[in-house]
Amino acid sequence: MKQKNYLIIGGTGGIGQAMVQALLQRQHLANEQSDTDTAHTKIYATYHKSQPDFAADHLYWISMDVSDEDSIEQAITRKI
């Protein structure tokens, strides 16, 4: 079993949010088909100002301002 991890920068924006939704859909289909490789996927998505109220299994929101090195470093060292 290979666990896949994805990091979506800007998970609340248009393209980022579409990527999060597509990965969640793919994961849902994998769970239905017992595809254990995809079923254990973890999705990490960043947001800038306020954490989205959207939640799903294996979806982890990370607060990060990608234009600020300190914010990036804090996000990297934070335990999820």
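Guide: Gladly! This is a predicted model, in which local features need pLDDT of at least 70 and side-chain atom pairs count only at pLDDT 80 or more, while totals for chains, interfaces and linings use all residues. Residues are numbered from 1 along each chain as its sequence is written, and side-chain values use heavy atoms, with hydrogens and water left out.

Let us start with the sheet. Three strands make up an open sheet in the order S1-S2-S3, with parallel pairing. Strands (E, at least two residues) and helices (H or I, at least four) are DSSP runs, numbered from the N terminus, and two strands pair if DSSP finds at least two bridges between them. Strand S1 (5-8) and S3 are at the edges with a single partner strand each, so one side of each has no neighbour in the sheet. On average, neighbouring strands here are turned by 20° against each other, direction ignored. Between S1 and S2, which run parallel, there are four bridges; isoleucine 8 stands opposite alanine 45 in S2.

Now for the surroundings. Helix H1 (residues 14-32) lies across S1, S2 and S3, and runs at about 160° to S1. Such angles run from 0 to 180 degrees between N-to-C directions, with axes being lines fitted to C-alpha atoms, for helices over the stretch in contact; contact means heavy atoms within 4.5 Å.

Finally, the loop between strand S2 (42-47) and strand S3 (59-63) holds histidine 58. Most residues other than glycine have a negative phi, yet histidine 58, not a glycine, has a positive phi of about 70°.
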